[in-house]
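User: I am new to this kind of model and would like to learn how to read its strands. Could you take me through them step by step?

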Amino acid sequence: MKDNGILSGVRIVELGQLIAVPYATKLLSDMGAEIIRLESAKRPDAYRLSAFYDERRDGKYWNRALNFNEQNRNKLSLGLELDNKNGLQYLYDLISISDVFACNFTPRVMKKFGLEYENLQKIRPDIIVISSTGYGHTGPWSSFGAIGFGTEAASGLAAATGYENGPPAQPEIPYPDYTAAEHTVFAVMAALIHRLKEGEGQFIEVSQAECVTSTIPETILEYTANKRIVKRIGNSHPNISPHGCYPCEGQDKWITIAANSQDQWKSLSNLLFPETGSDNRFQSNESRIRNRTELDKLISSKTLSWNNVELMNTLQKEGVAAGAVLNGKELLFNEHLNQRDFFEIVPHHPESEVPTLPYPGKPWKMSPGSDVKMKGAPLFGQHNESILKNYLGLNDDSYDTLINEKAVVDNIKLDTRDILVSREIREKEGSIYSYDPNFKSTIKSYFNI
Amino acid sequence: MKPQALKNVRVLDLTRYISGPYCTKLLGDFGADIIKIENPSVGDPCRKMPPFDEATQDTNNSLLFQYLNTNKKSVELNLKSDFGHLAVEKLVRNSDILVENFRPGTLESYGFTESKLRTLNPNLVVVSISNFGQTGPYKDFEATDLIFYALGGLMFIFGSTNKSPLKHAFHQAQFKAGTNAASAALMAYYEMINSGNGQKVDISIQESMAASVRDTTTSYAASGIVRTRQTLMNGELPRAPIQVKDGYIVPITFGPTEWSKTANLLEDDSLSDAKFQTPEGRRQHAEEFENLVRAAFIRRGRHELFYGAHSHRELVYGLVQDAADLIKNPQYEHDQYFQAIGNSGSNKPKFPGSPFKLSKTPWNVQKPAPTLGQHTEEILIERLKLPVDKFQDVRRPNER
């Protein structure tokens, strides 16, 4: 087993932003692939410009941007402006020594820079090229820009999701970006395996909306077979009752419970309401589905006096499916995830002024030695010199010329986005659940970092 | 026909329900040879999961099962019988990847410990998918998709602050874990080609969720802030579906600087009032602003708003589509996304097709999902040449 990850030796040039491509390449870099991120000072990744470590907006805030740092660990950063004619040539040169080129710009932008597959194939015949877009690389919607909140709507998932009798609903993250990224990793691995065996590269076209539709066959099949549009039913399940989210003791504390069998139902009712166990409205799963609203009310009236984690543990001991609804802090300190060493402890470059932090880990565990020692996300332009001189063989003079022409950059001269609203206002509006002024010492002592 | 990326990759599929079958479907649809082992007479419980084709009234013929099991061969085998054991040993020797999603410890209880599998086939990649992983205090916890949303961190930030947390419809957590399992299987297989060593992969459905909830834990670790669900009345357009005349739209802009474009798009003079032209002004008059915005949207049709928005580069509105919209969507039609597969029912349902496109080694559904045990004899007798005299107990179900 290689000690620097099972994908060591795979080099990926990435021209991406936000999540759909960066999360995919993060999963690959966690396993040893080398990712060179191209960055622009004129059009930086939006995640460089919002939400900073300790909310500090001074100095080189873009190196402290927490969403950027979450999506880009273990990667290299090359600040290169493609509107400079030499800049673009260096991108082509980089692609010529790489295995994969990944891009989530619209086809219009790819074409503008000559980054179509047919062109890149001339530069490197066995290159694997990824185009990840909202709706597709060709076709009537291919020129439409998109972020996850839009593709989730288009995919069919939002229409089926939401409170009963309420509008369609979506979570507070660009959810389809992750679904698309997870499928992109599979596509890249399939293409790398084909290339390893046959020596042939190819073009991978990812539509973020279509990836999500592939994970909701239920709604498509119900309609195409039976002409029925699936109704929104909140957390309920069409065939299981009880199946829901119930309030517990404390501010915004909840538990989810699903009684999947008659045995689970008996254990649940014995614990929560032994006195109504024989109520014939709730005798069978069918009658419980029929009387779902009354049953959910009854359960809520009982769960309110419980601590949600205690109730979860008590119910699970009886074999009943139950889970406390964890907020971000509770998830980070969850005993099960931490016993499995789920969170990755990631050090940052000292110049970033971000300390070592825990970040969400990988969605798989492999044998020891399969993955890599974690490095923090790169500073903006951190690897300019090493990539251009060591990989592309530029001499000092031509490198300096690029610096003077501002084609190679390590500084962003833009203001933070005006969507940044102070924590105080967000707290007042209720868009923050809580703020812990002692978070630094809490993190340090819990993770021993 | 073009070659497929995973041709000659042999997969022993010991999975059922959703997460495991989606993993092996991805492998099979891109060319791998999938042998699915099913409990005799009973089969994968997903065979009885809705939706069904109501024209045939056949509740043993799940359309979800048909979707998840394309390109697979079904072999009935009692894993607890001597014969079943012998057959699995032989299959393990003839496979590159084994995928299973039993409860942790079950495969071992059948006698297939990691070291046993390693002895039978040192190259084998073993992928185990389970609710909470193979280790840790929750490893035996019961779960449905709902529980993964709660313990994976997505639920707390989903829905309205004045209501209970919410989850997506259907089985997203299990599909997510299935996709990750397929990627991990290929990574380990790639390593096996390079080094000759197989390895074990542990997939926890909870961790698939927790890995992909942007700045949920990081927001606390990096700024002490615990995020919550959506609040209304903050002077911004909602990043959530808003009602229009004939449906819903998600009015996404890249930042409030594009407010004037939104005001133009909505063609409503009251929104051009000076007090709404800055973020601070909108925030100060948040309730009035929100009421006017909702009134403006409800007067307009969703297609004119959606296509109108996309004529501006900054307005990346989303169109809320249900299944009926998707089936006639021009982009999905252009991509020939929906596919009829086999002879599945008289209503001829259409299935989601290739989730992405590989130009040289495409997705291809050559075989519809198998009937239970359809390939038992083909695989056990013709391919593995197992002794026929022991064949009689093959179809006896596993009591467990």
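User: Which residue stands opposite A:V129 in β5(A)?

Analyst: A word on the basis comes before the reply: this is a predicted model, in which local features need pLDDT of at least 70 and side-chain atom pairs count only at pLDDT 80 or more, while totals for chains, interfaces and linings use all residues. Residues are numbered from 1 along each chain as its sequence is written, chains are lettered from A and ligands numbered from 1 in the order in which they are written, and side-chain values use heavy atoms, with hydrogens and water left out.

Strands are DSSP runs of E with at least two residues, helices are runs of H or I with at least four, and both are numbered from the N terminus; two strands pair if DSSP finds at least two bridges between them. Here A:F101 is the residue opposite A:V129, and strand β4 (residues 100-103) of chain A runs parallel to β5(A), with 4 bridges.

User: What pairs with β5(A) over 5 bridges?

Analyst: That is strand β6 (residues 203-207) of chain A, also in the parallel sense, where A:F203 is the bridge partner of A:V129.

User: Why is strand β5 of chain A described as largely enclosed?

Analyst: Buried means under 20% relative accessible area, exposed over 50%, and partly exposed in between, with a 1.4 Å probe and protein chains only. Strand β5 (residues 128-133) of chain A is largely enclosed by the rest of the structure because 6 of its 6 residues are buried. On one face these are A:I128, A:I130 and A:S132, and on the other A:V129, A:S131 and A:T133.

User: How many strands form the open sheet in chain B?

Analyst: The sheet has 6 strands, with parallel pairing, in the order β3-β2-β1-β4-β5-β6. Its edge strands, β3 (72-76) and β6 (200-204) of chain B, each pair on one side only.
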